[in-house]
Each structure stands twice: as C-alpha cells, then as structure tokens.
Amino acid sequence: MIDVSRIRNDFPMIRNNPDLIYFDNGATSFKPQCVIDAVMDFYTVHTSNVHRGDYAIAAQNDRLYDEARKSVAKLIGAEAKEIVFTHNITASINQAVYGLRNLVKAGDTILVSEAEHASNLLPWFRLAKEKDLKIEYIPLDAEANMTVEGFRSAMHEGVKIVAAAQVTNVLGSVQPVREITEIAHSYGAVVFCDGAQAVPHMKVDVKELGVDLYGFSAHKMCGPSGVGVLYGRYDLLQQMDPVFMGGDMNARFHKDTTVLLKEAPVKFEAGTPNIEGIIGTGRAAEYLMEIGLDNIHAYEKELRAYFMEKLSQLDNIEIYNPDNVYGPIDFNAKGLFAQDAAGYLASRNIAVRSGNHCAKILHNVIGTDQTIRASLYFYNTKEECDRFVEAAKDITLENAVGIFF
Ligand SMILES: Cc1ncc(COP(=O)(O)O)c(C=O)c1O
C-alpha cells in the first residue's frame, strides 16, 4: 500500500505550498524531486544534443535517452522500438492521424465518442473533411460510459478507424477498451486509444488491450511538460509516414529529392527532441513503477470513494458522475456558474478546474457544458478531502460573489 506522508515528501510543490489543496491533477501533475533532478542534471552536468555527438557527454545522453524509451515501454507493456516521443498526446494523436491517412478512402467511417477531449476529435474531424470520411459516434450512457453492446451496435464494415479514450477526462469513465478493440479488429478497423487519463493512474498493458495505437502525455504522470508518447504496433508504425521531416530521422537524401528514412521510431522524431524532458519522463516512469501502478490505483479508488461519500452529502452540490468509481469527480454548486464556484474554492486555497474541460460536445450527454472537475492523485489525502468538503459546504451565491467585492 501507499505511504502517503512519505510520498508527499518527494514533491517540492507540496512542501512549498503546505496549505494548497491541489485537485487539478487531470490538468497536470506535480513533479517529484527525482524527476526535477534528472532534468536539472542535464542542464548543469551533462548538456549536449543526442544522436549527433562523438564525445563522452553526448554518449551519456544517447544512453539516457534510450533508457527513457525503455522505461516508458516497460510502463505500458510495450517494446522500446514501439515508443515514439512527441511533444504531448495532442502531437501523438496528430501523428497517428497523419500516419493513418493513406489507410482510408472517401466514404469510410471514423468512430469516436462524444466524451472525447478536443485532442482526440479535431485531428479526426480534419482528416474526415480532407478525405471525405464520415464521423459517427459510439452510444454512451448518462455517465458517458460505453458498453460493449452499444459499441457492437455502432460497428459496421465501413468503420476503418476507432478512436476512444481509455479513461475520459471529465467523468473518468473507464471504457472497455480490450473488448471494443476485439470487435473493431473483427471488422478490420484500426484502434487508437487515448491514455492521457489512464497511464498516470493505473497499470496499462497495451498488448493486453490489443490496441494498434496509444498515446499519453508525460506531464500528467509526474513527468516534465513538452513530452508525449505515441505507442504503435511496430508493423503499423513502419507503414505510417512521419508528420515532421528533418534531421536525425533520415538515413540519406539526394539532390534529386529522394529521401531514405530511418526505421520507426526514429523516423518520427525529426529535429532536436526535448532531451531533458524525455530523460525526466523516463525517470517519472521508473518512479511510478517503484511505487506500483496497482498501489496507486487502489489508493486513488479508496480516496475517491471517501471524497464522493462526503461530497454527495452536501445539499448545495450536484454531482454528475456519482456511479463512476474512478477518476475525477465532476459537479456544480446548485444555482452557480462553475467558474464562480471554482473562484470561491480558490479563495479557500483549493485548485480545481471549471468549464467544459476541452470536451466541448460532452454536454450532449450530461446536459451541461459548465462543471467543476476535482481530480485526485496518489499524493492527495483524506484530510484534504475533508477540508475540500468543508469549503464546498460554503459555496453559495453570496459567498462566491462576496470574494469579488
Ligand atoms: C483525455 C485527454 N486527452 C488529451 C488531452 C490533451 O493533453 P495535452 O494537452 O497534454 O496534449 C488531455 C488533457 O487534458 C486529456 O485529458
């Protein structure tokens, strides 16, 4: 199990902000000292480019970069050669979409859901426009959960690509990815899975899920900003074209414009990468594995259940995902704009996110496009939940307006 007080010591942000209750972990996470050290050491002890230098420090960075790829691969049950480093999951999805564009033709269908983050919709929308494809939606229940039967009913021969989150970013719905992938594959469709809200919180095994492509961002899993990951089945990665062309990813090119690319994953990593961020991401992956993803998952589930139980007793609070057992708690203070209520919580030193959380068509499912999202991580505590609930009790129109005057 998790020793939360020991874990909290690993995070300078917690030490430096002892009164802050940070429940905005769905947006980004705090970084442990070991990740900060890995990044700082690159700047202060062993700065160089990678894959370009013939001296000792450059070789050291080549090794650290390659080890980071191995650590990230281990985190999600993949092989190192199946891991592409990008700038964030948004870049990973845009790369996936670009790489799949030659596998579709006019009239084909891309199947998505209304609970997806903008990053897992807009790149597909653009591909659909460019290639004259259809976008269709997987049916969801009131808490934005997919069911295997609902998915089966949406599948048909014309579907060539399925794109869905493993855990949705607003309601924390855990989707039956393994089952839907099996169905999608029986129709010959390719599956992209958005793991941005899954990898930081639970053991993910991409081979067990069976997905073809999978993405996530380092900054939500204790790693630095500016690093994303795209996992791909190797034979599929080999077929895909890179979005970016440039240095390091080419083996040779000639005056007659012929270009020979390197093999995946290197062919997707044009130009100087975010070296220190990638080294830090490798350290973050190791840190999460040292604590244990199953331990993290069990602790967060228990903490969320505790928080839900207390918050749901408040008459002034309406919760949109009371039956989900995982992920953020999404709610409103009755009669108040989400942003005003979040402003009141901020006045009590509580950080949450308010608004539509980049899932701008989810309102079709839950009936509102303005909510407050409280998202926990494994360094949060029951005491913080108690303080949160005490503050939430006081969210009234008078109090919320009062903080502005
Ligand atoms: C499910 C999901 N997908 C994609 C993203 C986009 O992440 P990034 O901004 O790191 O690219 C987020 C960010 O909140 C997310 O929660």
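Which residues line the largest cavity?

The model is predicted, with local features needing pLDDT of at least 70 and side-chain atom pairs counting only at pLDDT 80 or more, while totals for chains, interfaces and linings use all residues. Residues are numbered from 1 along each chain as its sequence is written, and side-chain values use heavy atoms, with hydrogens and water left out.

**View 1. Lining of the largest cavity.** Asn25, Gly26, Val167, Gln197, His201, Glu300, Arg304, Tyr326, Gly327, Pro328, Ser375 and Leu376 line the largest cavity. On a 1 Å grid over the protein atoms alone, a cavity is a set of points where a 1.4 Å probe fits but cannot get out, a pocket is an open set with protein on both sides within 12 Å along at least five of seven lines, and lining residues have an atom within 4 Å of a point. The space in this cavity is about 120 Å³, a volume being the space filled by probe spheres set on the points, which are joined across faces, edges and corners. The count of cavities of 30 Å³ or more is 3. The lining has 4 nonpolar, 6 polar and 2 charged residues (nonpolar: Ala, Val, Leu, Ile, Met, Phe, Trp, Tyr, Cys and Pro; charged: Asp, Glu, Lys and Arg; polar: the others, Gly among them).

**View 2. The largest pocket.** Its volume is about 380 Å³. Of the 25 lining residues, Ala91, Asn94, Gln95, Val243 and Phe244 lie nearest the centre of the pocket. Strand S2 (83-86), H5 and H6 each give two or more residues to the lining (helices are DSSP runs of H or I, at least four residues, and strands runs of E, at least two, numbered from the N terminus). H5 gives the most, with 5 residues. By class, the lining has 14 nonpolar, 7 polar and 4 charged residues.

**View 3. The second largest pocket.** This pocket holds about 230 Å³ of space. Ile89, His117, Ala196, Gln197 and Lys220 are the closest to its centre among 22 lining residues. The lining has 7 nonpolar, 10 polar and 5 charged residues.

**View 4. Contact of H5 with H6.** Ile93, Asn94, Val97 and Leu100 of H5 (residues 89-100) meet Pro123, Trp124, Arg126 and Leu127 of H6 (residues 122-131), contact meaning heavy atoms within 4.5 Å. By class, the contact has 6 nonpolar, 1 polar and 1 charged residues.

Note on methods:
Axes fitted to C-alpha atoms, helices over the stretch in contact; angles between N-to-C directions.
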